[in-house]
Amino acid sequence: MTDILDPWGGWGPAIRDDPFGHFAKARTRCPVQRVRLADGHPAWVVLGYDAARHALNDPRISKDMLAALQDNGDVVAEGLPGPEFSRHMLNVDPPDHTRLRRLMSRAFIPPAIAALEPAIRGIASHLLDELDAAGPHAIVDLIEGYAYPLPFGVIGELLGIPAADRPRLHAWFQVLLTGWAGDPPPEAVEASDGIVAYLAELVAAKRQRPAGDLVSVLVAAEDGALTSQELLSSLFQLVVAGHDTTASLIGNGVVALLDHPGQLRALLAEPGRLPAAIDELIRFTAPVPHATFRVTTEPVTLDGVEIPAHEQVLVSLGSANRDPGRFPSPDVLDVGRSDGPNLGFGHGIHYCLGAPLARLEARVAFDELLGRHPGLRLAVDREALAWAHGDGLVLRGLVSLPVVLGPGRRPG
Ligand code: HEM
């Protein structure tokens, strides 16, 4: 096996802003290939749709990265917060995964999600009122003022995080999700410590005074079915998984619609198309371009390529969702597309638990925004927009999205 490997991740602005051409070239060369990550570690990247779907559902490709770290310190770099906060669903295999997922699922059953709609609409409408206060011709940042605080407010409601505490948590998460190369900078360590201490306090408070929120439900289960390490890890993961992803979908989706005015007009004319459009925007804009890391526990052959045991595997959802073998004209945004499901929320036992909530949040976010401001436009040149998120592997979202909202059609 050659050691001269193509780099994957840590890309410069050209690829980071529009990675899809790069993915297509690599996929055409080989749908499964060995690459070198920005941190220097080797990994296998899976780019074709069929191979990606298979990899996400193969029990020989494990999510227990901590065990891999212990077995082979060379494979995985430690992240923040430390390993003691890493016992959550995305880092474990069955039977632990089955137990944790069953507990968490209680908060994500369809009636519980549907019941959140009025609260989500209230948050969206309130945020738009605040942006509108700047006047119809003002330049506002749609990421800071809408796309980000909306899902953050929703996850706060779901977990029962008091509204007064949210700005502090929000600031810490922003530091942590910016990403860095090499050792974490002091502000990231401080943010991570702050979040960890805050979540421990929240759990203690809910233990004393339980309410109807998810943290209270999990605290009640803690003694029997969940260790306190699993509880804190799961809360941390839920906040991370639950807001930046959806914020990126809203921001990326607005830009994609502004790039395709015909598609935007079709949606404005028929808002009933929104649910299908949300899935197409996920496929097309890849808010989560790669699934989280996996590791082979034994040799696995994908698309005729054998990946040896104990190797890191990175499944490129963004590439798989543009595979022409699966989606005709994959580089065309078509809000009426009816090609069936894409891999944007993953596949198999780790399929996104929050997918129904994310879809609802995005539907409400676009409905409120476009219903009120159908004429919104970019306030900067398209090329001036910058996509960034750490190494660009697991999250793809805009740093900011300056827009002019224009006159409001619907009062707040
Ligand atoms: C547009 C928004 C979202 C996208 C694109 C997205 C995408 C994903 C993907 C691709 C995975 C699988 C990762 C893997 O297999 O490595 C995943 C897992 C997960 N997501 Fe989401 N997600 C979104 C929103 C949310 C929200 C709002 C929540 C919760 C409030 C959430 C909670 C989770 C959880 C708990 C898992 C782990 C499930 C498991 O391991 O069984 N996600 N998500």
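Me: Hi! How far is an oxygen atom of the ligand from an N or O atom in the side chain of arginine 101?
Reply: The distance is 2.7 Å. That falls under the term polar contact, a pair of N or O atoms within 3.5 Å; within protein, one must be able to donate a hydrogen and the other to accept it, and residues adjacent in sequence count only if both atoms are side-chain atoms.

Me: And what should I know about the model itself?
Reply: This is a predicted model: local features need pLDDT of at least 70 and side-chain atom pairs count only at pLDDT 80 or more, while totals for chains, interfaces and linings use all residues. Residues are numbered from 1 along each chain as its sequence is written, and side-chain values use heavy atoms, with hydrogens and water left out.

Me: Back to the ligand. How many residues surround it, and which are the closest?
Reply: The ligand is surrounded by 28 residues, and the closest are His97, Arg101, Thr292, His350 and Cys352. Near here means that one of a residue's heavy atoms lies within 4 Å of the molecule. Histidine 97 places a polar side-chain atom 2.7 Å from a ligand oxygen, and arginine 294 also has a polar side-chain atom 2.7 Å from an oxygen of the ligand. Helix 5 (96-105), helix 13 (228-259) and helix 17 (355-372) are the elements that each give two or more residues to the shell. Helices (H or I, at least four residues) and strands (E, at least two) are DSSP runs, numbered from the N terminus.

Me: Which helix gives the largest share of that shell?
Reply: Helix 13, with seven residues.

Me: What about helix 17, why is it called largely enclosed?
Reply: Because 14 of its 18 residues are buried, helix 17 is largely enclosed by the rest of the structure.

Me: New topic: strands! How do strand 2 and strand 3 pair?
Reply: Strand 2 and strand 3 (residues 42-46) pair in the antiparallel sense over five bridges. Two strands count as paired if DSSP finds at least two bridges between them. Glutamine 33 stands opposite valine 45 of strand 3. The two strands form a hairpin with four residues between them, and glycine 40 in the turn has a positive phi of about 95 degrees.

Me: Which sense does strand 2 use with strand 1, parallel or antiparallel?
Reply: Parallel: strand 1 (residues 6-8) and strand 2 share three bridges. Tryptophan 8 has leucine 37 in strand 2 as its bridge partner.

Me: And arginine 34, what does its side chain join?
Reply: Arginine 34, in strand 2 (residues 32-37), has a side chain joined to that of glutamate 311 by a polar contact of 3.2 Å. At 18% relative accessibility, arginine 34 counts as buried.

Me: Last one: in what order do the three strands of the open sheet run?
Reply: The order is 5-11-10, with antiparallel pairing. Strand 5 (139-141) and strand 10 (377-378) are the edge strands, each pairing on one side only. Arginine 377 has valine 404 of strand 11 as its bridge partner.

Note on methods:
Buried means under 20% relative accessible area, exposed over 50%, partly exposed in between (1.4 Å probe, protein chains only).
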